[in-house]
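Please look at the sequence and the fold before reading on.

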Amino acid sequence: MKVAIIGDGSWGTALTKTLFDKKEVELYWWIRQQKTYEYIVRYGRNPRYLRSVDIDLKPRFLSTDIKYVAENAEIVFIAIPSLFIRQNLSLLQASDFEGKVIVSTTKGILTHKNMLVSEYMKAHFAVPPEKYVFLTGPSHAEEVVNQMNTYLTLASVSLETASLIGNLLKTNFLNFRTSTDIKGLEYSASLKNIYAIASGVSHSLGYGDNFIAVLISNAIRETQKFLEHCCICTRNIMTSGYLGDLMVTAFSQFSRNRMFGEMIGHGYSPRAALLELNMIPEGYYSIRPFYRIARESHIEMKIVTAMYQILYEQEDPHQILEQLAEGLD
């Protein structure tokens, strides 16, 4: 089976490593920058992400030509931050995805039109819903490459397509659940990054585990309120694809969104934190569209509003957290 990975960040690297070890897979990997490509060809490692992981792909299966990588595949994994989806996919056309299964690992909203990745792929590349799969957590790429027991969620209107991807990725340490709630899981996976930032801000300001537990309890209810308004369906918000993914992102040492929040709490400006972090905290870019949707739809989202005030209105984090704490239950 021919598989393409588009993206050379943590998840792109983790997926490449996982599929590289499968003999039945012919793997193609798109690398964004020429210097990264040359480093991987020479040393068999990604110089920026998961640098200890050995990936000895032959040069013909690595490329900086995204069209070459996509057209060679039957299944295409998109592992690009939402901020760069439009830019990175701009050289591709609908014909490049025709008849292929598209798997997105992107946890964020395309901010120019507040679009989910599933909506963007359908609108711009005519990807039919039954050929689209959203892969979500709870998971961190760092634990996947270390072969630690992990449970992922695969969402598609076609459970047959979701199961196809599950069987492709399944190992003795990777387990899967399937769902048809694509939009609900995409929204939830985007919101959890905002709540992880709130967790990081709280921790750096001296709020302890007791408070953060209450914060995350309120966060999952805030998520449920949003989903009930924006995409009604029968779902159990307490399952691992929703609550579990929120918890791992809000509490883990590997969470870039929590790290970003901690830097904000320590006095960094958003710009300074972004530069020093050298990774994309998708929650930062998701705050504005969620804040706007909540206001326009009259949905009360206290935590999203608090993060918007701190990050986009430059309000004092101490005062905003005090006000937020009074409104939690």
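The points below cover the sheet, the pockets and the cavities.

This is a predicted model, in which local features need pLDDT of at least 70 and side-chain atom pairs count only at pLDDT 80 or more, while totals for chains, interfaces and linings use all residues. Residues are numbered from 1 along each chain as its sequence is written, and side-chain values use heavy atoms, with hydrogens and water left out.

**Sheet**
- An open sheet with mixed pairing is formed by 8 strands, in the order β3-β2-β1-β4-β5-β6-β7-β8; strands (E, at least two residues) and helices (H or I, at least four) are DSSP runs numbered from the N terminus, and two strands pair if DSSP finds at least two bridges between them.
- The edge strands, each pairing on one side only, are β3 (62–63) and β8 (174–179).
- Helix α9 (residues 182–204) packs on the sheet and touches β6 (132–136), β7 (150–155) and β8, where contact means heavy atoms within 4.5 Å.
- Strands β1 (residues 2–6) and β2 (residues 26–30) pair in the parallel sense over 5 bridges, and valine 3 stands opposite leucine 27 in β2.

**Pockets**
- On a 1 Å grid over the protein atoms alone, a pocket is an open set of points with protein on both sides within 12 Å along at least five of seven lines, a cavity is a set where a 1.4 Å probe fits but cannot get out, and lining residues have an atom within 4 Å of a point.
- The largest pocket has a volume of about 830 Å³, a volume being the space filled by probe spheres set on the points, which are joined across faces, edges and corners.
- Its lining comprises 37 residues, with Ser10, Pro81, Arg256, Ile280 and Glu282 nearest the centre of the largest pocket.
- Domain 1 (2–180) and domain 2 (183–326) each give at least three residues to the lining of the largest pocket; these bounds come from an automatic or database domain assignment.
- The second largest pocket has a volume of about 190 Å³, and α6 gives the most to its lining, with 4 residues.

**Cavities**
- The whole structure holds 2 cavities of 30 Å³ or more.
- The largest cavity, of about 40 Å³, is lined by Asp8, Arg32, Gln33, Thr36, Arg48 and Tyr49.
- The second largest cavity, of about 30 Å³, is lined by Trp11, Leu15, Thr18, Val144, Leu152, Leu169 and Leu174.
- Helix α1 gives the largest share of the lining of the second largest cavity, 3 residues.

Note on methods:
Axes are lines fitted to C-alpha atoms, for helices over the stretch in contact, and angles run from 0 to 180 degrees between N-to-C directions.
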